[in-house]
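Me: I would like to learn how to read a protein model, feature by feature. Could you take me through one?

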Amino acid sequence: MNQTADELDSLNAMIKAKAWLQQRVIGQEKLIDRLIISLITGGHLLVEGAPGLAKTRAIKELSTLIQGDFHRIQFTPDLLPSDVTGTEVYRPEDGTFVFQKGPIFHNLVLADEINRAPAKVQSALLEAMGENQVSFGRKTFELPNLFFVMATQNPIEQEGTYPLPEAQLDRFIMQVLVDYPDHQNESNILKLVREENISTPSSVPLTISQDQLLHARRQLLSLHMEESIEKYIVGLIMATREPSGPASEWIEYGSSPRGTISLDQCARSIAWLSDRDFVTPEDVQNIIHDVMRHRLILTFEAESQGITVSQVIDEIVRTVPVP
């Protein structure tokens, strides 16, 4: 792979960051991998899992590696949009109002339990994610160039929650499902927690600058992608809109063009993190479930038969010819 010194430095930094995070967040390798991919593509990540599965810990540990600030927003039913975006504060000394920026004006933002906040608050956050800016009255305030949101959902609690509409879910580049660790990882978690309580915290091995992240994003765009792979990506998306076979009875609405763009970016990221300058069909298949999971709306017939979105995606992958 013919790279400049800056681009090679960015790749090495991201690979080291991924390895270090896997030591700090045990048993959640997939979550760490998707966090890194979302960060270097400039997308936002939606994570769904039961409480206590290290979702918050993962982004907190990531924030220690990034040259930028981090803020956690706990979403609750009584939260207001201004609690996220900011509000105007009166200055009695000169009789003017000054906009006080809210917690959204940080580089890394954890939107914890986003489905517990009402629709207006969700819309305020998702507008910022889509436009990279916040509008207040007649003024517009730009968000940082490095702006990454990881939102979490708790699938257990249903009372007092406000599920995200499909149009808003589409703004996330991926949705990742987090599961319980296995027996060995559970033992390793116990050891890690004991060590953290006994000894001083281990030093952070590296710091990733915002310039390195920008180099990484430019490098993704320069990766070679055969026309056949591009057609394969488009074919997978079109198969969700014009399904054939069993999938034709399972899919109510297919993916938007955001799905095509996200699948392209994420497949490029997998190739780049593997130190390759070309994308393979396996890269696309590796990431398609997380990219498409929240973008497909199933029919009533599919839900009544117990058909899951993962099964539908498997059927789409099976029917579309691999180049």
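Reply: Happy to; we will go from the whole chain to the sheet, the helices and a few loop residues.

Me: What should I know before I start?

Reply: This is a predicted model, where local features need pLDDT of at least 70 and side-chain atom pairs count only at pLDDT 80 or more, while totals for chains, interfaces and linings use all residues. Residues are numbered from 1 along each chain as its sequence is written, and side-chain values use heavy atoms, with hydrogens and water left out.

Me: How many helices and strands are in the protein chain?

Reply: Helices (H or I, at least four residues) and strands (E, at least two) are DSSP runs, numbered from the N terminus. By that rule the protein chain has 13 helices and 11 strands.

Me: What does the radius of gyration say about the protein chain?

Reply: The radius of gyration is taken over C-alpha atoms, and the globule rule is 2.2 Å times the number of residues to the power 0.38. For 323 residues a compact globule would be near 20 Å, and the protein chain has 21 Å, which agrees. Along the principal axes, its C-alpha atoms fill a box of roughly 70 × 45 × 40 Å.

Me: How much of the chain counts as buried?

Reply: Buried means under 20% relative accessible area, exposed over 50%, and partly exposed in between (1.4 Å probe, protein chains only). Here 49% of the 323 residues count as buried. For the surface, areas come from the Shrake-Rupley method with a 1.4 Å probe, and for residues only the protein chains shown count as cover. The protein chain exposes about 15,900 Å², and carbon and sulfur atoms supply 51% of that area.

Me: What share of the contacts joins residues 24 or more positions apart?

Reply: Contact means heavy atoms within 4.5 Å. Among contacts with a separation of 6 or more, residues 24 or more positions apart account for 77%.

Me: What is the strand order in the open sheet?

Reply: Two strands pair if DSSP finds at least two bridges between them. The open sheet has five strands in the order β2-β5-β8-β1-β9, with parallel pairing. At its edges stand β2 (70-74) and β9 (174-177); each has a single partner strand, so one side of each is left without a neighbour in the sheet. Direction ignored, neighbouring strands are turned by 20° against each other on average; such axes are lines fitted to C-alpha atoms, for helices over the stretch in contact, and angles run from 0 to 180 degrees between N-to-C directions. As a close-up, β2 pairs with β5 (residues 108-112) in the parallel sense over five bridges, and H71 stands opposite V109 in β5.

Me: Which backbone angles deserve a second look?

Reply: Most residues other than glycine have a negative phi. Yet A54, not a glycine, has a positive phi of about 70°. A54 is in the loop between β1 (45-48) and α3 (55-63), and is partly exposed at 22% relative accessible area. E113 has a positive phi of about 55°, in the loop between β5 and α5. Just after α5, N132 takes one of about 60°.

Me: Is V25 buried or exposed?

Reply: V25 is buried, with a relative accessible area of 1%. V25 lies in the loop between α1 (5-24) and α2 (29-41), and touches I32, A54, R57, A58 and E61, not counting residues up to four places away in sequence.
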